[in-house]
Amino acid sequence: MRVERLELRLLRLPLVRHFETSFGRSYDRHFLLVRVDGGGHTGWGECVAEHNPYYSSETTETAWHVISEFLAPLVVGVDFAHPRDIFPALARVRGHFMAKGVVEMAAWDLYARQHQQPLWQVLGGTGRPVASGVSIGIQDSLDELVDRVRIERDAGYQRVKIKIKPGWDVDAVERIRGAFGGIPLMVDANAAYSLADAAHLARLDAYDLMMIEQPLDYDDIADHAALQRQIATPVCLDESITSARLAIQALETGACRIINIKPGRLGGFAESIRVHDACAAHGVPVWHGGMLESGIGRAANLHLSTLPNFSLPGDIAASRRYYEPDVIDPPIDLLPDGTVPVPSDGPGLGVRIVESRLEQATLRRMEIASS
Ligand code: OSB
Ligand code: MG
């Protein structure tokens, strides 16, 4: 396959409802889209980098810079036997996994469309519907939190995740357990604690949580291993897992019992499949994370989620929780049984992108063609 032309776009979409994590509150989402053209076909990818460097050190602007100056020249006009060969070809650029990921993922979509196959098939998945969980941000009060959980539980989501931070943790979990009994429940700290908080975090052991996601520093493995020895709740790593090598270190040192896979954080699908396979070899389940993606990124996440070791509900909820309207039509929706079907409107991602909605949300664009 050969990418003849790459287009980069910066978009902004208002969120239906603000989203608050331990690192702050967002009212809108800035994100990059990459479009690649080759052999008369088009592929799309969505970059998970955010406007600010709070979840990760990358931002929409660093990704724009690195893609346009350094990654696109390594891909555009170059022949690849398979999209799995792209990530290794970018190795000269250190880090910047979100920038690498969107280019690689767009190329997989292009490859799938060139071969007239759904994306899940070229990724090695099954195309089955995906069990869906919901991620609920920090609210202004515990009463509001209970209201939000009720709305999402009634919608049918198979598990609830709440964001926690110091001052919004044990009490919040206790309120939910009191109001809803034994629903499948987990928490995500987005790195808001330190190992000195181990005794406090052990108080969560009383609430039968599925897991605690990324309690400690964003780039830490060793302290998580120490924490896991002190608490019964399974630790799940998100931010810390930026490569298959680090995933294997985490598995071998007991730093986690579950891993959250986001291809946008790992440099793309090929590295995500390596993490998925390493976890399977260690008997560790994975689930698919989310980054408030539009329907384009959400569709990509659904295809990857049909690999066999994605055995826990993912953060892949219905479009209407985030963007109204979404940039795809029809939007991603939840079935009454709490699953989301994989889009199948044609090969590749299987979604129909509404060009006029993209245009309306686009702040800037740039084109790189092979010379
Ligand atoms: O830590 O999983 C996270 C959103 C933005 C940045 C990081 C995270 C999240 C979420 C939301 O938890 C998941 C979603 O619904 O897309
Ligand atoms: Mg997380």
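**Note on the ligand 1 site and its tyrosines**

1. By the pairing rule applied here (Phe, Tyr and Trp rings, the six-membered one for Trp, with centres within 6.5 Å), this predicted model contains 3 aromatic pairs. Tyr-322 and Tyr-323 form a tilted pair, because their ring centres are 6.3 Å apart and their planes meet at 35°; planes under 30 degrees apart would count as stacked and over 60 as edge-to-face.

2. Tyr-322 has 8% relative accessibility and Tyr-323 has 2%.

3. Tyr-322 also belongs to the surroundings of ligand 1, which comprise 15 residues, each with a heavy atom within 4 Å of the ligand. Ser-135, Lys-163, Asn-190 and Leu-292 are listed with Tyr-322 as the closest.

4. The distance is 2.5 Å for Tyr-322, 2.9 Å for Lys-163 and 3.0 Å for Ser-135. The protein buries 99% of the 390 Å² that ligand 1 exposes when taken alone (Shrake-Rupley method, 1.4 Å probe).

5. Residues are numbered from 1 along each chain as its sequence is written, and chains are lettered from A and ligands numbered from 1 in written order. Local features need pLDDT of at least 70 and side-chain atom pairs 80 or more, while totals for chains, interfaces and linings use all residues, and side-chain values use heavy atoms without hydrogens or water.

Key. A polar contact is a pair of N or O atoms within 3.5 Å; within protein, one must be able to donate a hydrogen and the other to accept it, and residues adjacent in sequence count only if both atoms are side-chain atoms. Buried means under 20% relative accessible area, exposed over 50%, partly exposed in between (1.4 Å probe, protein chains only).
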